[in-house]
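Here are a few notes to read alongside the structure. Have it open and follow the residue numbers as you go.

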Amino acid sequence: MANIMRKTGIDIIGDTPWGTHLSQFYQTREDLIDILVPYFKAGLKNNEFCMWITSEPLTVEEAKSAMKKILPDFEHYIIKNQIEIIPYTEWYLKDGIFNLQEVLNGWVDKLNRAMTKGYDGMRITGNTAWLEKKDWKSFADYEEAIDNVLSYYPMMAICSYSLDKCRAYEIIDVVRNHQLALIKREGKLELIQNIEKKRVREVLQKSEEKYRILYETIKDGIVATDMDGHILECNEAYAGMLGYSKEEIKKLTYQQLTPEKWHQMEAEKVKELIVERNYTDEYEKEYIRKDGTVFPISIRVWVIRDENGKPKGTWGIVRDITESRRAEEEIKNTAKFPSENPYPVLRIAQDGTILYANSSGKFFLHEWNCEVGQCIPDFLYQFITHAFHTKAIKKGIEMNHGDRIFSFTIVPVKDTSYVNLYGVDVTERKQMEDGLRKLSNAVEQNPCSIVITNTRGKIEYVNSKFVQLTGYTFDEVVGKNPRILKSGKTPIEVYEQLWVVIASGNVWHGEFVNKKKNGELYWESASISPIKKADGTIAHFVAIKEDITEQKRVENELRKQRDQLEYLTTQLTAANKELEAFCYSVSHDLRAPLRGIDGFSKALMEDYADTLDEQGKNYLHRIRAASQRMGQLINDLLNLSRITRSEMRRKEVDLSAMVKTLALELREKQPERRVEFIVADELIANGDPQLLRIAMENLLNNAWKFTKTCMHAKIEFGFTRCNGNLVYFVRDNGAGFDMAYIDKLFAAFQRLHSSSEFEGTGIGLATVQRIIHRHGGQIWAEGEVNKGATFYFTLP
């Protein structure tokens with residue numbers, strides 16, 4: 001099922017298999033339409049049942065209208081009930097409550113009904129704009145659950161999330177629970193892949209495919225034994241050549257299958273295999289079939305070692321050579337007429353002279369750069385000499401001819417002074433052996449644990465990675481059930497579902513919490529699939545598992561951080577509410593007395609000026625000035641609070657045009673001042689226009705204020721580059737400041753100049769800093785007393 005590709009209708013993705021789980025981050029209604037309309041068009045055209053669960057900012061009627069624009073016959077699909085478009089209140093929040101299990105069961109029920117109507121599968125989408133923060137965790141659990149459900153059914157899904165409503169840790173949750181994430185930023189559609197899921201899936205699929213090839217394509221027999229000769233595993237070809245079923249043959253040893261006359265020779269081969277080379281050359285012996293008949297075989301054996309290098313078993317490739325023996329007899333017969341032999345036949349004298357070569361043999365003479373009557377090459381002469389001395393047949397001398405491989409047999413001819421060479425083309429067999437060796441190494445050296453069981457769940461093979469990971473030896477687990485790894489932490493429902501899936505001939509993907517031999521718990525991501533015989537019945541199960549303990553640890557750490565963020569967010573929300581209450585108090589409870597003080601002071605000045613002396617008038621002037629400064633300070637504090645709490649609305653902002661407008665306003669307020677403004681053109685930033693205007697207004701007011709004593713005042717707005725990043729600046733040639741006090745510059749109520757020199761409340765630069773930080777930028781300054789100041793800031 002996973003290999004059946006379906007058209008998504010989304011160009012950046014193309015075709016994907018059933019089980020694909022996508023997420024989409026959107027900002028506008030158009031973002032939703034651009035993705036979901038072609039997505040459902042492809043589903044309808046490909047005989048799939050479709051369900052679209054809508055939420056703000058897109059209504060059911062708007063979704064239908066969008067579909068009609070791209071599908072003129074859309075009403076036809078509505079009438080035949082191939083697509084349902086319903087609001088979230090009728091699916092996710094029945095009775096006003098989100099019920100995870102009820103929603104999951106609902107999807108499966110919809111799919112079953114669609115399949116009975118003849119649809120190929122189902123594609124769905126749901127918008128989460130309705131989701132409240134209190135429901136986030138349960139919905140994240142739902143996403144994780146549906147990700148697992150999708151892998152078993154002919155379904156695909158897109159889950160839509162508002163980018164403006166998602167916090168950082170929520171975005172992490174979404175990406176973690178989906179294979180792919182679509183996001184549209186600045187008009188460009190981008191694709192984000194869940195790397196970890198992709199990597200695990202690819203490793204499991206590649207390993208699984210290699211093992212399938214190993215068992216399903218080989219024609220020779222493959223057999224694995226322990227060091228005592230007990231047969232642990234074999235393929236159908238091996239059991240078939242002996243006339244046994246696989247279950248019967250696993251009760252035997254290879255010694256029982258071998259005539260006694262070969263036991264001593266084979267024992268020496270095993271000794272050679274273990275002590276010297278880890279493998280044997282190909283050799284011949286005989287096997288006994290179940291019916292008692294004896295037949296010749298050729299075999300080559302390799303040793304299997306555990307993680308400590310100790311031999312734990314052998315595996316071999318076996319070929320029935322009954323036919324080749326018959327062919328050898330035919331060759332012997334045709335040796336009397338070597339010109340008729342399709343393979344190379346040569347006759348070599350004891351001194352190395354070539355006495356004869358048939359047509360095929362002459363090809364080799366040409367390659368050796370010699371001809372009949374001349375001497376053979378040195379590499380071949382040593383084999384000829386050995387054959388004369390031992391009077392024994394020498395087999396398995398391999399030679400290449402072009403891209404073909406030939407195996408030569410040297411046969412001394414009795415009572416003569418020459419030998420005959422008979423060659424056979426073994427190219428296909430050598431290629432098969434090489435492929436098997438590579439596949440065997442791929443299984444044994446695989447970074448994933450590989451376990452093979454019979455249909456009753458008894459372990460027949462584990463690779464070195466399994467031994468290394470679990471702490472069990474090969475011998476400790478063979479014949480046991482994988483439940484020896486069971487920790488009690490994996491729900492029983494997981495195992496029940498596993499057996500339902502694999503027993504029906506399908507592949508199961510999932511996760512376990514298992515226990516090592518030393519009691520340590522670990523997480524595994526597993527792919528378990530059946531290995532089938534030629535008739536389609538299941539012969540074995542193969543599990544390919546990857547240790548994901550570290551991944552789970554990281555996920556758990558992220559989950560803790562998410563919970564901590566939620567806690568801090570709750571605390572911050574409470575603090576903001578307290579701040580709002582305080583601001584309300586400041587606004588209403590403090591302003592009223594200040595207005596009274598200022599108003600009555602003014603009334604005294606106006607109505608009783610004649611009865612007050614100069615000192616009294618001075619006192620009243622000072623009272624009014626102090627109350628007005630206090631009022632301004634309250635206004636600045638309230639503005640600073642609003643800046644911190646106000647909602648951000650980002651868009652492109654022309655800072656150059658904004659600065660020019662603010663400069664004009666400053667000149668209009670004080671037309672008598674002569675100040676030179678230098679403003680760089682076309683400096684565009686992305687941010688909240690209102691907040692950026694407040695920031696630029698404070699910076700320019702600062703520069704205007706601190707250049708009032710300059711004869712030739714100059715204020716500049718421009719940009720520079722720092723580590724490749726764009727940096728804006730506002731520079732003046734005014735009073736400047738002492739860099740020793742730079743730490744106080746952006747703190748509220750901190751002033752580096754007296755109020756008698758320069759007016760102000762000490763809030764302006766603190767306001768600017770908060771605005772820049774809210775945009776994700778940085779701000780810093782450089783200055784020198786009486787030589788001006790430069791304020792730098794970034795806006796990512």
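1. A word on terms before we start: helices here are DSSP runs of H or I with at least four residues, numbered from the N terminus. Keep in mind, too, that this is a predicted model.

2. Let's begin with helix H4, residues 100-116. Its 17 residues should span 24 Å at 1.5 Å a residue, and the end C-alpha atoms sit 25 Å apart, so the two figures agree.

3. Which residues of H4 are buried? The list is Val-103, Leu-104, Gly-106, Trp-107, Val-108, Lys-110, Leu-111 and Ala-114. Note that Lys-110 is in that buried set.

4. Now the cysteines. If you go looking for disulfides, the whole structure has zero. Take Cys-370: its nearest cysteine sulfur belongs to Cys-375 and is 8.9 Å away, whereas a disulfide needs the two sulfur atoms within 2.5 Å, so Cys-370 is in none.

5. Buried or exposed, where does Cys-370 fall? Its relative accessibility is 11%, and buried means under 20%, so Cys-370 counts as buried. Cys-234 is buried as well, with a relative accessible area of 0%.

6. Last stop, the surface. Leu-565, Tyr-567 and Leu-568 make up a nonpolar patch there, and together they have about 290 Å² of accessible area. One of them, Leu-568, lies in helix H18, residues 549-607. Leu-568 has 43% relative accessibility, so this residue counts as partly exposed.

How values were computed:
Residues numbered from 1 in each chain as written. Predicted model: local features only at pLDDT ≥ 70, side-chain atom pairs only at ≥ 80, totals over all residues. Heavy atoms only, no water. Patch = residues over 30% accessible without salt bridge, like charges linked within 9 Å, V, L, I, M, F, W, Y side chains within 5 Å. Areas by Shrake-Rupley, 256 points an atom, 1.4 Å probe, with all protein chains shown as cover. Salt bridge = Lys/Arg side-chain N within 4 Å of Asp/Glu carboxyl O. Helix = DSSP H or I, 4+ residues; strand = E, 2+ residues; numbered from the N terminus. Buried < 20%, exposed > 50% of the residue type's maximum accessible area, 1.4 Å probe, protein only. Expected span 1.5 Å × (residues − 1).
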